[in-house]
Amino acid sequence: MKNHIQWLISTRQLVSPIRSFTSSTRFCQAAKTVSVEFKPDMKLLSLLRKETQCAISKAREALVATNNNHEDALVWLTKDAVESGAKKASKLADRSTTEGLVGFVITDAGITPKADGSGFTTGLGALVEVNSETDFVARGEIFKNFVQKVGVTSAMFGSELSNSSLDNRQCIFEADPATVRELPISSKNLEEAGKTIKDLQLQAIGKLGENIQLRRISVVLPDSTPSDSLRVVAGYAHGDEGQNMGRIGALVVLKVSPAAHAESHIRSGVLTKFGRQLAQHVVGFSPTAVSEKDLQSNDDKTEQDLDELVMLRQNFLPSGGSLTIAQALSAFEEKEPSVKVEIESFKRYECGEG
């Protein structure tokens, strides 16, 4: 019996080290597995964050999922941002969006070269209002980039957005935001190829965590009536810091004739400067119509009412009140006798109005 007990004790003593050895082996194997786990490239991680402003955890996840392939990681992040943005958008849809920016986009000098090189035709232009929940988000680069993309794309697709039954004399058309959201992005960035305004909107919502809405879009239409004149587009935004955006913005369309002389004045910058001054006036004085005949009804309007509502009768802002708009046009033609300038139309947006 004593020998049997001694045998059990010795066996237990032998088993314990064996178990200890086995556990230690498993631990080493686990440690070895952890040590060879895929690690994201730190330089690519930093580059992705700089390019996309994504969270470090997302950049890491993208690189792990794509084996440190930079291009594939960008695609992964874009897809993830759209999916994440769509989920957030559904949750934030009922939130009020009273902040944001008004931005405008025009082609160089407000005109566009003809395809055959024979001269110029009407410039492309767009005025857009995009809303956010807070001013903090509206002042950020992600939001501003989105506003700019909406403006450029709307300007490029202006004719497609308009109704073919429109009067040919109408040169500014207010587009449906829902239609604009489905437009393919007009961008030189290959990463954005095939994406729509809606995709960018969802990405912005996903990154910023706020409800973002396209509220209003107006586009300048080409002049389809044969004439010896050019439509020149100019814009101005209040509070602009070089990005053509602010709380209030305006577009002005000028009709300049004859076309041959108009081109030289446009190249010199004289017409562009004058058009910008007129757009600045629209921002500051908020006229209702260009002339009295453009008012829906003026039967019950007093002279004072007409002076406040009709652009041609208002005091020209850059003149300090010494000239009306009509007089400013005449003064311009006296300095530049080879051209005649008319204000064909304008559009003004103030963020959150109405």
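Predicted model: local features only at pLDDT ≥ 70, side-chain atom pairs only at ≥ 80, totals over all residues.
## Helix, cores and loops

Modeller: Just after H9, glycine 209 takes a positive phi of about 70 degrees.

Biologist: How do you know that the span of helix H9 agrees with 1.5 Å a residue?

Modeller: H9 has 12 residues, 197–208. The expected span is 1.5 Å times one less than the number of residues. That gives 16 Å, and the end C-alpha atoms are 16 Å apart, so the two agree.

Biologist: Why is cysteine 171 called buried?

Modeller: Buried means under 20% relative accessible area; exposed is over 50%, and partly exposed lies in between (1.4 Å probe, protein chains only). Cysteine 171 has 2%, so it is buried. Cysteine 351 has 6%, so that residue is buried too. In H9, the buried residues include Ile197, Leu200 and Ile205.

Biologist: What makes a set of residues a nonpolar core?

Modeller: The members are buried Ala, Val, Leu, Ile, Met, Phe, Trp, Tyr and Cys residues, joined through side-chain atoms within 4.5 Å. The largest core has 31 residues; Phe143, Phe146, Val150, Val180 and Ile217 touch the most other members. Elements giving two or more residues to this core include helix H6 (141–156), H9 and strand S6 (213–220). Apart from it lies another core, of 28 residues, among them Val256 and Leu329. In soluble globular proteins, nonpolar side chains tend to be buried together.

Biologist: Why is arginine 247 called partly exposed?

Modeller: Arginine 247 has 34% relative accessibility, so it counts as partly exposed. Its place is the loop between strand S8 (245–246) and strand S9 (248–257).

Biologist: Which side chain makes a polar contact with the side chain of arginine 247?

Modeller: That of glutamate 99, at 3.0 Å. A polar contact is a pair of N or O atoms within 3.5 Å; within protein, one must be able to donate a hydrogen and the other to accept it, and residues adjacent in sequence count only if both atoms are side-chain atoms.

Biologist: Is asparagine 67 buried or exposed?

Modeller: At 55% relative accessibility, asparagine 67 counts as exposed. Its phi is positive, about 55 degrees, although it is not a glycine.

How values were computed. Residues numbered from 1 in each chain as written. Heavy atoms only, no water. Helix = DSSP H or I, 4+ residues; strand = E, 2+ residues; numbered from the N terminus.
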